[in-house]
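Subject: Structure handover

Hello,

Here is the structure I said I would pass on. Please open it alongside this note, and my findings follow below.

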Amino acid sequence: MTTTTPTSTSQYDAIGSKYNLFKALPTSAIEVVSLEAALTPYIRGEKRREGSNGAGGFRVLDLACGTGYYSRKLVQEWGASYVLGIDLSTEMVQVARQQHKHQDERKEVTNGRVGEQEFHKLGQTAAAPPKIEFRVGNAMTLGKVVVDGDNKEEGTRGFDMVVGAWLLNYAASLQELTAMFSTVATNLRLSSDGGGVFVGVTPPVVSAGEFDAYAARSNLHWGNSESNRNNAAAQYGVSVHYYEKLESGEGWRTEVTMSGAGEATRGPERNGEEQKLKGVSFRNYHLTKDVYEQAARDGGMRGLLEWRKVEEPLPEAVVAATGEEFWKEYSRAGAHLSVLVVERGD
Ligand SMILES: C[S@@+](CC[C@H](N)C(=O)[O-])C[C@H]1O[C@@H](n2cnc3c(N)ncnc32)[C@H](O)[C@@H]1O
């Protein structure tokens, strides 16, 4: 039987602002820390990035930005000068704009690392384009983005970084994944230092030969929390179900559901969120390691390609909030993500 996966846009139009509640889950702390560790060395210029942080500052394209959680973090905490967030879902983009406006009004725009002063130092004055913008667009067909603003040249010089946090898992095949990487490559700047860089959060990296066993094992630990109250899904309040293998052999169809029943959604500051989250689910794809890597190359990414797995012990910042005991089941089940870094190359 073939199950039709609804288009991403309709899935997320229905989810809207509820999506933010995912980020309140303790498992999201692992995602944030892993992404930050992979991308901030580039923003800080610790990774040879001749040309970046020059005139115009460090510019990031946040593909599949959702409600703009990382778009805001990039500018407010991680040192980017400008972020353009793009998402397929009109509803998600609307929420992203509202939240940005809301934060702007509350004057919580910077934490001082790249504050107004430094922003101006980079040559961007009151007439400069806003630091965060959001647009609706499809990462598979986007083409080269032109940023509105005073200086058309600046708009087309390319981005220093493309972030794709949970973007690539919406590609159903090598072909769709290649289309996404082609968009990434087209929008990254080219230069003699290796050009811009893509940093993405993906499902855990798994080789083709291990995939079926991985899917079965993952279903045991992360699958249907209603039937197994002792597994990771029950503990952390989110299940991941590998429900159908792709006919192409390139990977599996997956469904992520908030059970809202786990330890993760209890606790004083999460009261009330449990019900809102319960039953929220979306479908996507988990493709094999070689499909990801081939798509990156076929899409035009020619530089360094590195997978960053979540390593044990878990980062101090993650463990500190909840205590080590809380993460025992997570370690047994295996991490729910990897981070993929691919440089544009010459
Ligand atoms: C799981 S959310 C991640 C949002 C955000 N990056 C984050 O981590 O908070 C996935 C997002 O991908 C978007 N999406 C799916 N397919 C897309 C595509 N082809 N182009 C752009 N966005 C897409 C969805 O609309 C949704 O907002």
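The buried residues of helix α11 pack against α7 (174-187), β7, β8, β9 (305-309) and β10 (338-343). This is a predicted model, so keep that in mind as you read. Helix α11 covers residues 289-298. Its buried residues are Lys 289, Val 291, Tyr 292, Ala 295 and Ala 296. Just after α11 comes Gly 300, with a positive phi of about 110°.

Two of those packing partners, β7 and β8, belong to an open sheet of three strands. The order is β6-β7-β8, and the pairing is antiparallel. β6 and β8 are the edge strands, each pairing on one side only. From one strand to the next, the twist averages 30°. In general, strands of a sheet pair through backbone hydrogen bonds.

Now the strand pairs. β6 spans residues 238-245 and β7 spans residues 251-258. They run antiparallel, joined by seven bridges.

Strand β8 takes in residues 281-287 and runs antiparallel to β7. Seven bridges join β7 to β8. Here, look for Thr 257, which stands opposite Ser 281 in β8.

Best wishes

Terms used. Residues are numbered from 1 along each chain as its sequence is written. This is a predicted model: local features need pLDDT of at least 70, side-chain atom pairs count only at pLDDT 80 or more; totals for chains, interfaces and linings use all residues. Two strands pair if DSSP finds at least two bridges between them. Helices (H or I, at least four residues) and strands (E, at least two) are DSSP runs, numbered from the N terminus. A residue is buried if 20 or more other C-beta atoms lie within 10 Å of its own, exposed if 12 or fewer, and partly exposed in between; C-beta atoms are placed from the backbone. Two residues are in contact if their C-beta atoms, placed from the backbone, lie within 7 Å. Axes are lines fitted to C-alpha atoms, for helices over the stretch in contact, and angles run from 0 to 180 degrees between N-to-C directions.
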